Each structure stands twice: as C-alpha cells, then as structure tokens.
Amino acid sequence: MEMQEPGEGKCPEKPDKMKVKNLAEVLDARIVCGDHLADHAIEVAFASDLMSDVLTLKNDNVLLITGLANVQTIRTAEMSDISCIIFARNKKASPEMIGLARENDMVLLECRYSVFKTCGLLYQAGVQPIF
Amino acid sequence: MSEKVGVEYNVDGGNFTRAGYASSEIKKILKKLNVDMGIIKRTVVATYEGEVNIVAHAYSGTIYADIDTERVRIVLRDEGPGIPDIEQAMEEGFSTASSQVREMGFGAGMGLPNMKKNADVMNISSEVGKGTTVEIILYFKQIASS
C-alpha cells in the first residue's frame, strides 16, 4: 500500500474544519448566543430531533442540527459535551434556553432553512458526518 | 481526590423544565474533582437518561451520587408505577412514554439500554406500584478482568 502524503486524497474545496462564523454565513443563520465562540472549529455534525439518539454519540466537538427547540435540547447538549447547536425550520431559542446555553458556554444559531437543506448546505461546504 | 463526596438531589415527576438539573450539578462536581472527561461524559449521560426517566414516569425521586478515589456511584430512586418486566424495559425500542415525553425528544425506548452501555455496572430493581431503583457505577481506572 502506498503511503499518502498528509492532505492527499482530500477534496481541496473542503476545509478540514469549519468555524461557527462560516456556518452562519453558509446558512444565513443568526448567532443568538455565544458570539465569542465564532471562531470555534466544528469537526463533525449530527442532525436529529430525537435527543435519545444524540445521547448515544461518543464523538467530541459535534455540531447538532435540530428542529427541536426546548430546554432539554440544551440539557442534552450539555451532557453530551456539544457546544454548538443550529435550530433549523425557523425554530427559536427561548430566553431560558439561551440562559442555560450561556451557563454552559454554548453557541446557538437560528436558521430558517429545513433540517434537510441545512444539512445539505453544510455537507456541501465540507462539514463531515459522524457516520 | 482525598475525601469521599456524597450529594443528593430531589427530582419532581413531570417537571421537564428542571429535568437535567441534578445531572448538571453532578457534572460540575466531577469536573472540579478532575475526573477524566470521557468518564464524566459517560456518567452524566447515564445519569441524565435516568433523571429523564424519573421525570417522565415517576411521581418523585432522588438522585444520590457518591464519589471516591476509585469510582463514581449514582443511585436513582423513584416513587412511581414501577416496571413490571425489567427485561422487556431493557430492550432497545421498548417504551411506555407519553406523547408529551416524546415531544420533548425522548421516549424512544433507549434510556435504560444507553445507561447500561455507559456504566461499568448497572443494577435495577423495581416494585410495581411502588417505584424503581437504578444503581450505576463507573470506575476511574479500567479493572483488569480476571
């Protein structure tokens, strides 16, 4: 088997890691809390409205894309060490959710696109799936 | 870590706004004690699953955590309807959760199995009409199997 040079075999148009501010640009999304984490790099993304599925993830630095906007979405992210959540389908983060997210140093984004379109755009931009 | 730490939290059945509070506090304690991040995540995910179960199914409950130099032990005890068939409850996908619980993003029959996956030891006992007790233990160091 031939040894690959670092970076070989990777699509040059796809950066290794996207930053939160890049996600916001791609999705025309609004950062509703955690502006100071705009340069935080995202490794992989996972989309689900089922928090039970999110709680089974082993990865770190996961971006969660969801249409489920309630306090338990934030709690689930807290337990799973997820620091970035995108609320798709124009779902809004409540003041209580934002307060809890701030306590846990998370960044929350609101986006008007569907979960499908959100995932499609992020995939196209180089965000990797977990599996 | 030189001393043993013991804490207890009350959990209200049906109060989804507060669900996760106890798990969050336990996470803060484990972080302060410099427990390995991977073990913290496994502990709090399992505890949170159990806490959501109490909120979703029971009338009230307590979550007790004790931590020493070797392990963290969590006991989740509730007063509630109990589980008639524990083996069935441990099957992935089996759920008796209400539509309200499902709307919150849970109730897919994955809680107890996920607790078991994350814990090194899990013991569950239940009495129908009285309540359920789940004990989970996570060891800080891998114990060699004999």
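Of the 131 residues of chain A, 50% count as buried (under 20% relative accessible area; over 50% is exposed and in between is partly exposed, with a 1.4 Å probe and protein chains only). This is a predicted model, in which local features need pLDDT of at least 70 and side-chain atom pairs count only at pLDDT 80 or more, while totals for chains, interfaces and linings use all residues. Residues are numbered from 1 along each chain as its sequence is written, chains are lettered from A and ligands numbered from 1 in the order in which they are written, and side-chain values use heavy atoms, with hydrogens and water left out.

**View 1. Chain A has 5 helices and 8 strands.** Helices (H or I, at least four residues) and strands (E, at least two) are DSSP runs, numbered from the N terminus. Along the sequence, the pattern of chain A reads β-α-β-β-β-α-β-α-β-α-β-α-β. Taking contacts (heavy atoms within 4.5 Å) with a separation of 6 or more in chain A, 52% are between residues 24 or more positions apart.

**View 2. Helix 4 of chain A (residues 95–103) has buried residues, namely A:M97, A:I98, A:L100 and A:A101.** They cover an arc of only 165 degrees around the axis, which puts them on the same side of the helix; the arc is that of the directions from the helix axis to the C-beta atoms. These buried residues pack against strand 2 (30–33), helix 3 (71–79), strand 6 (84–87) and strand 7 (107–110) of chain A. Look to the other side of helix 4 of chain A for A:P95, A:R102 and A:E103, which are exposed. Just after this helix, A:D105 takes a positive phi of about 55 degrees.

**View 3. In chain B, 5 strands make an open antiparallel sheet, ordered 1-2-3-5-4.** Two strands pair if DSSP finds at least two bridges between them. Strand 1 (5–12) and strand 4 (121–127) of chain B stand at the edges with a single partner strand each, so one side of each is left without a neighbour in the sheet. From one strand to the next, the twist averages 10 degrees. Strand 4 of chain B pairs with strand 5 (residues 131–139) of chain B over 7 bridges in the antiparallel sense, and here B:S126 stands opposite B:T132.

**View 4. Helix 2 of chain B (residues 37–57) lies across strand 1, strand 2 (60–67), strand 3 (71–79) and strand 5 of chain B.** The helix runs at about 5 degrees to strand 3 of chain B; axes are lines fitted to C-alpha atoms, for helices over the stretch in contact, and angles run from 0 to 180 degrees between N-to-C directions. Helix 2 of chain B also meets helix 5 (residues 111–118) of chain B, their axes coming within 9 Å and crossing at roughly 155 degrees. The two helices are therefore roughly antiparallel (over 145 degrees). Among the residues that meet are B:R42, B:V45 and B:A46 in helix 2 of chain B, with B:L112 and B:M115 in helix 5 of chain B.

**View 5. B:K41 lies in helix 2 of chain B.** At 9% relative accessibility, B:K41 counts as buried. Setting aside neighbours within four places in sequence, B:K41 is in contact with residues of chain A: A:L57, A:K58, A:N59, A:D60, A:M79, A:S80 and A:D81.

Notes
Angles under 35 degrees count as roughly parallel, over 145 as roughly antiparallel, 65 to 115 as roughly perpendicular and the rest as oblique.
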